[in-house]
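I set out here what I looked up in one structure, entry by entry.

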Amino acid sequence: MLAFNDGSYSSRATIGADGGFRFIFVSAVNFEIPVRTESFRTRIADFVEREILPLEADKASYDGHGNIALPLLETLRGKAKAAGLWCLQLKPETGGVGLSKVDMAVCYEAMNRSIFGPVVFNSAAPDDGNMMMLERLGTPEQKQRWLKPIVEAKVRSAFAMTEPHPGGGSDPSMIMTRAERRGDRYVVKGRKWFITGAQEASHFILIARTSDDPRHGLSALLFHKDQPGWRILRRIGIMGPEEHGGHCELEFDGLEVPVEDVLAGEGSGLMVTQVRLGPARLTHCMRWLGLAKRCIEIARTYAAERSGFGQLLADRESIQLMLGDLAMRIEIGRLLVMKAAWELDRGGFARKEVSMAKIQVANVLHDAADVAIQINGARGYSKDTVLEWIYRYARQARLVDGADEVHKMVLNRFLNEEGAGFWRWHVEAGRQDETGRGGNR
Ligand SMILES: Cc1cc2nc3c(=O)[nH]c(=O)nc-3n(C[C@H](O)[C@H](O)[C@H](O)COP(=O)(O)OP(=O)(O)OC[C@H]3O[C@@H](n4cnc5c(N)ncnc54)[C@H](O)[C@@H]3O)c2cc1C
């Protein structure tokens, strides 16, 4: 089939049974992915199948916190680099290949078919979101000092925003950690918690209050672990497997940060968090879809070989309904993720699109693990499959980077502001309709 674009519609020419051409006009909305993206997807899928999946069943592959052991990770990262599958999300000049967000949605899903996948390709949280943010907002000097070593996997990074009560959590306006300007530096006092990766990280991005201005009161400060004036109070025990470096509680008591290590200038902290968290929430969803599909894969394999009461599980309508429902809900999640990715790619903030994707995918991940455990019976509750790992991990998805309720509150705010416009169609820019008027009115 030929496809080309003739203006407001794409035309496709097919050859009919009589040998003549037929033209079909199709709307410009399309769900095709570029050939290059498909090529990355298949290479990632092959790598995951061949190099990573077999390791999941071996206890020796794990560190003490349920993640991939660091020496093994280093070997696999070397192989991913050699295969040209490293930091694909970053621009070529930063060390990646410049995947768009839509491309990333395709690739990240393929990476997370394995619980170990994303970190092997340097596409796991929190480094993934920190790198993209530094790439977008850092000065050339900041990128050289703070970003390059993360891209090269010489160091890890952490993003420190959330605080224990009565500080800022869901509501960033409650942030209490203070960075007071003294001459050419800021002096930081305060407390943070649940900071992913802090025990292994060297580069930190800290959100602190530099004034009481409601919109411009926060700033993002960069610091190195070896700078004095801060410490890790504890690594917080959690119910799920942990990222390398855990989730830590930090205390700041006189950390000094030079003015040149403020990201995007004093007072830009809220903007920095939007730039960091919008795409980072979405990349979580991209990865979680891969995990949700893996749950279905494990459930289908078992249902296809296990029988009882004279029938294969896969032939029972009750099982078919569970799996069919999950397949549909995963696809809804993929569509929401793709729409948000598309909106980010065209320069929007995708606030409501990201919120919808985050709620949908976090919940479907949780339910996919739950249903897959149910279908696997006792085996599902054991450590013989990765289902229990995914189940424990999945519970955090409905809390991190905005709890479900907060995202629903955001959606309702858009509904109040936009009314029926909440569901508006985006009309192609620069195209004209039959009256001669352009799009996007
Ligand atoms: C595994 C894990 C990793 C994390 N990693 C990081 C990290 O690297 N860096 C970092 O800064 N933070 C991190 N966090 C913190 C995370 O982002 C926060 O937990 C999250 O933003 C919610 O904040 P909170 O825990 O203070 O909840 P709170 O703000 O105390 O809210 C508690 C609950 O109240 C309800 N609620 C809150 N607001 C509303 C509302 N408006 N309407 C209705 N209900 C509401 C929700 O159910 C919510 O779950 C991590 C957390 C976890 C669990």
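Leaving aside its neighbours within four places in sequence, which residues is Leu-282 in contact with? I found Val-337, Ala-340, Ala-341, Leu-344, Val-354 and Ala-357, where contact means heavy atoms within 4.5 Å.

**Entry 1. Basis**

I note that this is a predicted model, in which local features need pLDDT of at least 70 and side-chain atom pairs count only at pLDDT 80 or more, while totals for chains, interfaces and linings use all residues. Residues are numbered from 1 along each chain as its sequence is written, and side-chain values use heavy atoms, with hydrogens and water left out.

**Entry 2. Nonpolar cores**

I looked up the nonpolar cores, each a set of buried Ala, Val, Leu, Ile, Met, Phe, Trp, Tyr and Cys residues joined through side-chain atoms within 4.5 Å. Buried means under 20% relative accessible area, exposed over 50%, and partly exposed in between, with a 1.4 Å probe and protein chains only. The largest core has 94 residues. Those with the most contacts inside it are Ile-44, Phe-121, Leu-282, Trp-288, Val-337, Leu-365 and Ile-390. Helix H7 (residues 269-305) gives the largest share of this core, 17 residues. I take helices (H or I, at least four residues) and strands (E, at least two) as DSSP runs, numbered from the N terminus. Domain 2 (157-268) and domain 3 (271-423) both contribute residues to this core, so it lies between them; the domain bounds come from an automatic or database domain assignment. Another core, of 20 residues, lies apart from it and includes Ala-160, Ala-198, Leu-206 and Leu-250. In soluble globular proteins, nonpolar side chains tend to be buried together.

**Entry 3. Enclosed space**

I then searched a 1 Å grid over the protein atoms alone for cavities, a cavity being a set of points where a 1.4 Å probe fits but cannot get out, with lining residues having an atom within 4 Å of a point. Grid points are joined across faces, edges and corners, and a volume is the space filled by probe spheres set on the points. How many cavities of 30 Å³ or more does the rule give? The count comes to 1. About 370 Å³ of space lies in the largest cavity. Its lining has 25 residues, and Asn-67, Val-119, Ala-124, Ala-125 and Glu-243 lie nearest its centre. I sorted the lining into 12 nonpolar, 7 polar and 6 charged residues. Here Ala, Val, Leu, Ile, Met, Phe, Trp, Tyr, Cys and Pro count as nonpolar, Asp, Glu, Lys and Arg as charged, and the others, Gly among them, as polar. Helix H4 (117-120), H7 and helix H11 (387-394) each supply at least two lining residues; the largest share, 4 residues, comes from H7. Domain 2 and domain 3 each give at least three residues to this lining.

**Entry 4. Helix H3**

Is helix H3 (residues 101-111) largely enclosed or exposed? I found 10 of its 11 residues buried, so H3 is largely enclosed by the rest of the structure. Among the buried residues are Lys-101, Asp-103, Tyr-108 and Glu-109. Their cover includes helix H1 (35-52), H4, helix H5 (127-137), H7 and helix H8 (317-345).

Met-131 has its place in helix H5 and is buried, with a relative accessible area of 0%. Beyond neighbours within four places in sequence, I list Cys-87, Gln-89, Leu-90, Asn-122, Leu-147, Ile-150 and Val-151 as contacts of Met-131. The C-alpha atoms of Met-131 and Val-151 are separated by 7.3 Å, although these residues are 20 residues apart along the chain.

Ala-369 lies in helix H9 (residues 351-376) and counts as buried at 0% relative accessibility. With neighbours within four places in sequence set aside, Ala-369 is in contact with Cys-295, Leu-387, Ile-390 and Tyr-391.

**Entry 5. Backbone geometry**

Most residues other than glycine have a negative phi, and most peptide bonds are trans. I recorded a cis peptide bond between Ala-125 and Pro-126, with omega about 0 degrees; Pro-126 is in the loop between H4 and H5. Another cis peptide bond joins His-165 and Pro-166, with omega about 10 degrees.

Asn-122, also in the loop between H4 and H5, has a positive phi near 55 degrees and is buried at 2% relative accessible area. Ala-153 has a positive phi near 60 degrees and counts as partly exposed at 29% relative accessibility.

Definitions and conventions:
1 Å grid on protein atoms, 1.4 Å probe; cavity = no way out; pocket = protein on both sides within 12 Å on 5 of 7 lines; lining within 4 Å.
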